[in-house]
Amino acid sequence: MPLLPCAHCGRVFADCPRWAVPAAPASVRAPLVSDLPVLVMDGTFDGLTAPAHGDLVADTLPNAVRVTFPDAGHDVTNGSPQCALEVIQGFLDRPDAPDLGCVAGLAAPPFTVG
């Protein structure tokens with residue numbers, strides 16, 4: 001099996017050649033298709049998986065609920081803990097129509113230098 005080309009996989013996978021991790025089969029990259037309810041959450045400051053990736057995930061999931069937290073990064077439960085937990089609970093209670101009201105009240109923190 002060929003090794004994962006780490007020049008294209010970023011800093012997260014920089015150790016792949018040292019551990020001789022083989023490349024994943026092409027089926028791993030195939031879009032998931034399902035009619036199950038799915039909650040897709042991300043933060044606008046996610047430097048690991050950009051919010052656009054969440055859009056790609058949700059594209060083939062017709063019952064996906066898409067939520068982007070404007071004040072969080074990769075771990076939305078850490079960046080916006082109260083609202084993220086409310087969204088998760090709302091999704092568990094009503095996957096077809098969760099209460100996302102708290103997200104509207106969130107804003108990105110002010111940008112400062114220094």
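Of the 114 residues of the protein, 24% count as buried. The model is predicted. Its accessible surface comes to about 7900 Å², and 62% of that surface belongs to carbon and sulfur atoms.

**Overall architecture**

- The protein contains five helices and two strands.
- Along the sequence, these elements follow the pattern α-β-α-β-α-α-α.
- When contacts between residues at least 6 apart in sequence are considered, 59% of them join residues at least 24 apart.

**The largest nonpolar core**

- Ten residues form the largest nonpolar core, which has 10 members: V65, V67, F69, A72, V76, C83, A84, V87, F91 and V103.
- Strand β2 (64–69) and helix α4 (81–93) each supply at least two residues of this core.
- Helix α4 provides the largest share of the core, namely four residues.
- In soluble globular proteins, nonpolar side chains tend to be buried together.
- V65 is one of the core residues; apart from its neighbours within four places in sequence, V65 is in contact with V38, L39, V40, F91, P95, P98 and L100.

**Helix α2**

- Helix α2 spans residues 51–59, and its buried residues are P51, G54 and A58.
- Viewed down the axis of α2, these buried residues fall within an arc of 45°, so they line one face of the helix.
- L56 and D59 are exposed on the other side of α2.
- The buried residues of α2 pack against strands β1 (38–43) and β2.

**Residue D46**

- D46 lies in the loop between β1 and α2.
- The relative accessible area of D46 is 8%, which is under the 20% limit, so this residue counts as buried.
- The side chains of D46 and H74 are joined by a polar contact of 2.8 Å.
- Not counting residues up to four places away in sequence, D46 touches A72, G73 and H74.

Notes. Residues numbered from 1 in each chain as written. Predicted model: local features only at pLDDT ≥ 70, side-chain atom pairs only at ≥ 80, totals over all residues. Heavy atoms only, no water. Core = buried A, V, L, I, M, F, W, Y, C linked by side-chain atoms within 4.5 Å. Buried < 20%, exposed > 50% of the residue type's maximum accessible area, 1.4 Å probe, protein only. Contact = heavy atoms within 4.5 Å. Arc of directions from axis to C-beta. Areas by Shrake-Rupley, 256 points an atom, 1.4 Å probe, with all protein chains shown as cover. Polar contact = N/O pair within 3.5 Å; in protein donor to acceptor, adjacent residues only side chain to side chain.
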